[in-house]
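Let's take a walk through this model together, one region at a time. Keep the view open beside you as you read.

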Amino acid sequence: MKTNDVILQTTTKVVFFIIFIFSIHIFFAGHYTPGGGFVGGLLTTGALILLLLAFDLKTVQKALPFDFMKVVAVGLLLAILTASWPLFVDLPFFTHAFDDFNLPLFGETSLHTAMLFDLGVYLVVVGAAMTMIQTIGGDT
Amino acid sequence: MDYVFFIFVPMIAALFVPLLFRLVKRIHTGWFVLAVPFVLFIIYAMLIPTSMEGFVIESSFSWIPSLGIEFYSYIDGLSLLFSLLITGIGSLVVLYSIYYLDQSKEKLGHFYVYLLLFMSAMLGVVQSDNVISLYLFWELTSISSFLLIGYWYTKDASRFGALKSMMITVFGGLMMLGGFAILSLAAGSYSIREMIANSSQVADHPLFILALLLILLGAFTKSAQFPFYIWLPDAMEAPTPVSAYLHSATMVKAGLYLVARFTPLFATSSVWIWIVTGIGLFTLFWGSFFAVKQTDLKAILAFSTVSQLGLIMSLLGASGMSVHSAEPIFAIAGFAAIFHLLNHATFKGSLFMIAGIVDHEAGTRDIRKLGGLMSIMPITFTVAAIGSFSMAGLPPFNGFLSKEMFLDAMLAIRHFELFQFDTWGILFPVIAWVASVFTFIYSFYFVFYTFVKKGDVEQLPASPKEPPFGMLISPIILAAFVVVIFFIPNKFSDWIIKPAVAALQPHLYAVPQDVTIKIQAWHGFDAPALWLTVGVVVIGFLMYKTLDKWQPYYGIQPSYLSLNRFYDAMMNFSEVGMNKISRAYMTGVTRTYFLYIFASFSIITLIAVFAKSAFAFDLSSVTPVSIFAILNAMILLLAISFVLLAKSRIAAFIALGASGYSIALFFVMFKAPDLALTQLVIETVSVALFLLAFQRLPQMNTHGETKQNKIVNGIIAAGVGITITLVALASHSTKLIPSISQYYKDTVDTLAGGGNIVNVILVDYRGFDTLFEIAVLSIAAIGVFTMIRLRLKGDHADENK
């Protein structure tokens, strides 16, 4: 017997994006207000778990055809590269650079290489959590 | 010429032995090997004139210069005597082994490598001045002896004997290393000569007696003194050339060498004199007493070796008395020790070779089966008789001379006034005399029961005949020395004994010429030693004649009261007993290990806290507690109690989630928004994961929990809780240095371009930590993936069970 999940699925379609956008916000806001890569990543995972609950594993895998292991790898690579680029310009490991830029669309924006590192953290968290959940959930 | 390099010549020659054994099939490998000890013997013999003048030859090369460790060859009279014994008897043994071991049947490649290795090690022991390299060579003799005893490694008895000798001698060697360490600390040098030069400073060291005892342990285990002699009879499983070489003439004398070498340093101590003389004399008696019991030719010789080593040891002890007493007899004791050492090497070497010949020709070494070989093997018999009579202390053989001196020295101990020797000293000559009687008996027993007593030659496993001449050369040469030394003892004395005595008793003699002792075969009728010898011969002969009547009484001693049984029990304990002990605490149950960990954690921490009186309680820096915090703490306590008391797993996890959320609330209260956020999400995700995973597990069961277990668990849990609370309170109350957080507050915008200190610390100030934390997370994900996806399917899944 297949249960009818119309309400859940419809709500999910709306709520998913709200959570996802919120997680992106949390991620970007991290340097000045509470948040950051770790919480952002976890919230994104939460959104994805909601998808998994509302739909089944196969549908989600079809909709998001990522190999989350590779997401982990990309995240780690990004983090380590961000940390090690200063070595090439004769600065200590993990030196961050930041400045204000006047970008065409965003106007006056503060950019920081720590954000790239945080992006690595974000990807690793999403990838690792999703790998675990998919593996455990997919095991019957 | 640097004599230190000659120590390594046999070792280098050993490298080529397997090659020669493989390539040259027609010629017995031993012929090539023979050249090595022979040439070395010539080289060392050429040093005799130098050492007669009292000169020493020194040479060295550095090994670990920064630690002061070097190979230092110091050849004085004592070292030279031993070097000559090692190379001389080594040559004879190699010659003998050429006829004894068959080129086609035996693994000669192994045999000669071990033998040459042993020769190097032995030369190193007797020539080293540096105690560390001395120890190195000392252990090398143990190892090569182990290899040689286990040469026929397919026999159980060989392996047992090899292991036993290894265990005992290496035990002694390690003790000796400890003694060396103490001595070198006390003297500030590794050099034996410098230790002796600083002997007064060394003797004041608080651990001096300990060092003395440790070094004696090394010497006694190696020289098979009581109670460590038990390895020697079992070592007789080695091929006979090995027994002749290692276990009569050279290796077992390494302990004697050590005692002689350290006598100038230790003889000031009464402990040294008492132990060396006492144990030596007791070993002499014990060995000779039990030699009569043996039925195996080599076992008789082994016990006889033990006994003779004891004799030399007691003489060395008596020679130490010359430090305290001006009586000339104690100077003679040292002389007698060296003299008997030389004599013993000659006659015991030849006797072992005879035992090997008998074994080789008759197919057995059991004295009960042998007999009547005199007419079949006349030359062998002659040599055996010479060796045995010398061992018994009869004229005209060299054993007579040293035995006389020995009895004189033991008689003189009565008059030694220091260290209470005048009360107990009377025992010494008595024991020495009784032991001499038994020595006489077993010497006759050895030679006459093998050759003269009527025996059924037809019943022997092989038909005996005179062995090939080559096999007889070595024992004949040694027997010739036995006789020659008797007739010209003073020549030998001038050549090699006096220089050795001068090294043994440097406080008496500056140069070997100062040693004025003359060996005389005839002391006149009023010499007490003569009458003692006459007594030995008469009583010994009578007892020998009635041997068959009283020998069976040896069986009275129950076998469980022997030292061998004690050794076996000890070995058994170290295997079975230790196994039992480790099984008793290694239960394999995780709960037990947690008990150990937690109990020791809280006990150690509490002891440390109170021993250092580190506990402090200070409420001045505590913030006021709000009503919300109290409420939240109560929620947390409720949730945790529920976790502990929950009957089902799901309930426990939900309660765990509740405690997690209340912790998140605490974070909110204590103004940690990032932590609160993360804690909330993590708690949610982990509870979801738990529920996902654990819904498949069966119902919780008790895992054999009993009430007792629960009480113990409760006590230990309470202990850990109290410990942590105390430590937390104490560390909160003692703030030694101010926090560095002000720096972060000041620089978060200027240096890091951010506003959220927590996040900036995570990605900037201390991004390194974060880098590895995400690595941990990745590893966890990969772990989950591999554990679930890559499970072994089918039969192999249970492989580990």
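In chain B, the stretch 64-111 is 58% helix and 17% strand, and its end C-alpha atoms lie 31 Å apart. Helices (H or I, at least four residues) and strands (E, at least two) are DSSP runs here, numbered from the N terminus. The UniProt record, an unreviewed entry, annotates residues 64-111 of chain B as "domain: NADH-Ubiquinone oxidoreductase (complex I) chain 5 N-terminal". UniProt positions follow the numbering used here, feature names are shortened, and annotations may be inferred rather than shown by experiment.

Some ground rules before going on: this is a predicted model, in which local features need pLDDT of at least 70 and side-chain atom pairs count only at pLDDT 80 or more, while totals for chains, interfaces and linings use all residues. Residues are numbered from 1 along each chain as its sequence is written, chains are lettered from A and ligands numbered from 1 in the order in which they are written, and side-chain values use heavy atoms, with hydrogens and water left out.

In chain A, an unreviewed entry gives "domain: Na+/H+ antiporter MnhB subunit-related protein" for residues 7-131. That part of chain A is 70% helix and 10% strand, and 28 Å separates its end C-alpha atoms.

Now for helix packing. Two packed helices are described by the angle between their axes and the distance between the axes. Axes are lines fitted to C-alpha atoms, for helices over the stretch in contact, and angles run from 0 to 180 degrees between N-to-C directions. In chain A, helix 4 (residues 68-88) and helix 5 (residues 113-138) pack at about 160°, with axes 7 Å apart. That angle makes helix 4 of chain A roughly antiparallel to helix 5 of chain A (under 35 degrees counts as roughly parallel, over 145 as roughly antiparallel, 65 to 115 as roughly perpendicular and the rest as oblique). The contact of helix 4 with helix 5 in chain A has 17 nonpolar, seven polar and no charged residues. For these classes, Ala, Val, Leu, Ile, Met, Phe, Trp, Tyr, Cys and Pro count as nonpolar, Asp, Glu, Lys and Arg as charged, and the others, Gly among them, as polar.

Back in chain B, the axes of helix 6 (residues 131-149) and helix 12 (residues 240-249) come within 11 Å and cross at roughly 155°. Helix 6 and helix 12 of chain B are therefore roughly antiparallel to each other. A backbone detail to look for is the cis peptide bond from Phe226(B) to Pro227(B), with omega near 0°. Pro227(B) belongs to the loop between helix 10 (208-222) and helix 11 (231-234) of chain B.

Finally, helix 20 (residues 427-451) and helix 23 of chain B pack at about 50°, their axes 8 Å apart, which makes helix 20 of chain B oblique to helix 23 of chain B.
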